[in-house]
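Student: Hi! I'm new to this one and would like a quick tour. Can we start with the overall picture?
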Amino acid sequence: MIGTLAAACTKAPSQQPTVKTIDNHMPISDSLTYLALGDSYTIGEAVPQEQSFPYQLVHSLNATNHFVEKPEIIAVTGWTTGDLKKGITSRDLKNHQYNIVTLLIGVNNQYRGYSKEDYRTEFIELLNTAISYAGGNKQHVFVLSIPDWSATPFAKANGFDLNKASTEIDLFNAINKQETEAAGVAYVDITPSSRQAVNDYSLIANDGLHPAGRMYSLWVNQLLPVVNSQVKY
């Protein structure tokens, strides 16, 4: 979401999207491809790249000989649904299809006080885009809920209304869950895992706000069996 919450959430929408990659292995014949769409929670702000949830997911899949290539990531810290839409357009992936697509977006809509109605509209558009990148195969698309940043040390130290923020995140998640299930796409609720940070600060990165690798591992533990059950290798 942010380097400091206010700074990231006001990051210029015109910022060019970044794709974080490392060549940790050569493509394998018949290997699967993976596209991760989102914001700071997808790029793994404040942790080494290999600790982000997309890279941990790929590592876990490859550990069981499923041979997934390194993830292609379209995400920037501070992005809203509208920013992600622009970022995808600028990447011009019209002719690309992926075996796995994840979508996690909305925390910056909530933080900036953006309209829930606009969030619903743009989330539906992004979900349809994700499905198109999966070649129309809804079984290969996975939506993650918005984590609760109000559980972090940063939120507590800076005087935010924690109950208000948490309640609003629940409302935004009610929207993305409803639309995801209506579309017949798998929904993985990671919000309860993010709230464990209230009592366990080791789940939070050194910036006091973003998830540490340990929290991303919790998310992957939830996501991995769903991917395994729906993606045919």
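Tutor: Happy to! The chain has 10 helices and 5 strands; helices (H or I, at least four residues) and strands (E, at least two) are DSSP runs, numbered from the N terminus. Residues are numbered from 1 along each chain as its sequence is written, and side-chain values use heavy atoms, leaving out hydrogens and water. This is a predicted model, where local features need pLDDT of at least 70 and side-chain atom pairs count only at pLDDT 80 or more, while totals for chains, interfaces and linings use all residues.

Student: What share of the residues counts as buried?
Tutor: Of the 233 residues, 52% count as buried. Buried means under 20% relative accessible area, exposed over 50%, and partly exposed in between (1.4 Å probe, protein chains only).

Student: And which residues touch the most other members of the largest nonpolar core?
Tutor: That core has 68 residues, and Leu-37, Phe-53, Leu-84, Val-101, Leu-103, Leu-127 and Trp-219 touch the most other members. Helix α6 (residues 116-133) gives the most to this core, with 7 residues. A nonpolar core here is a set of buried Ala, Val, Leu, Ile, Met, Phe, Trp, Tyr and Cys residues joined through side-chain atoms within 4.5 Å.

Student: Take Val-101, then. What does Val-101 touch?
Tutor: Not counting residues up to four places away in sequence, Val-101 touches Leu-35, Leu-37, Ala-130, Tyr-133, Ala-134, His-140, Val-141 and Phe-142. Contact means heavy atoms within 4.5 Å.

Student: New topic: helix α10. How far apart are its end C-alpha atoms?
Tutor: They are 25 Å apart. Helix α10 covers residues 213-230, and its 18 residues should span 26 Å at 1.5 Å a residue, so the two values agree. The expected span is 1.5 Å times one less than the number of residues.

Student: Where in α10 is the kink?
Tutor: A kink of about 30° lies at Leu-223, shortly before the proline Pro-225. The bend at a residue is the angle between axes fitted to the seven residues ending there and the seven starting there.

Student: Which elements do the buried residues of α10 pack against?
Tutor: They pack against α2, α3 (53-63), β3 (100-103), β4 (141-144), β5 (186-188) and α9. The buried residues of α10 include Trp-219, Val-220 and Leu-223.

Student: Let's look at α9. Is Ser-193 there buried or exposed?
Tutor: Ser-193 sits in helix α9 (residues 191-194) and is buried, with a relative accessible area of 9%. Its side chain makes a polar contact of 2.8 Å with the side chain of Gln-222. A polar contact is a pair of N or O atoms within 3.5 Å; within protein, one must be able to donate a hydrogen and the other to accept it, and residues adjacent in sequence count only if both atoms are side-chain atoms. Leaving out residues up to four places away in sequence, Ser-193 touches Met-215, Leu-218, Trp-219 and Gln-222.

Student: Last one: what is phi of Ala-46 near?
Tutor: Phi of Ala-46 is near 80°, a positive value in a residue other than glycine. Most residues other than glycine have a negative phi. Ala-46 lies in the loop between α2 and α3 and is partly exposed, with a relative accessible area of 44%.
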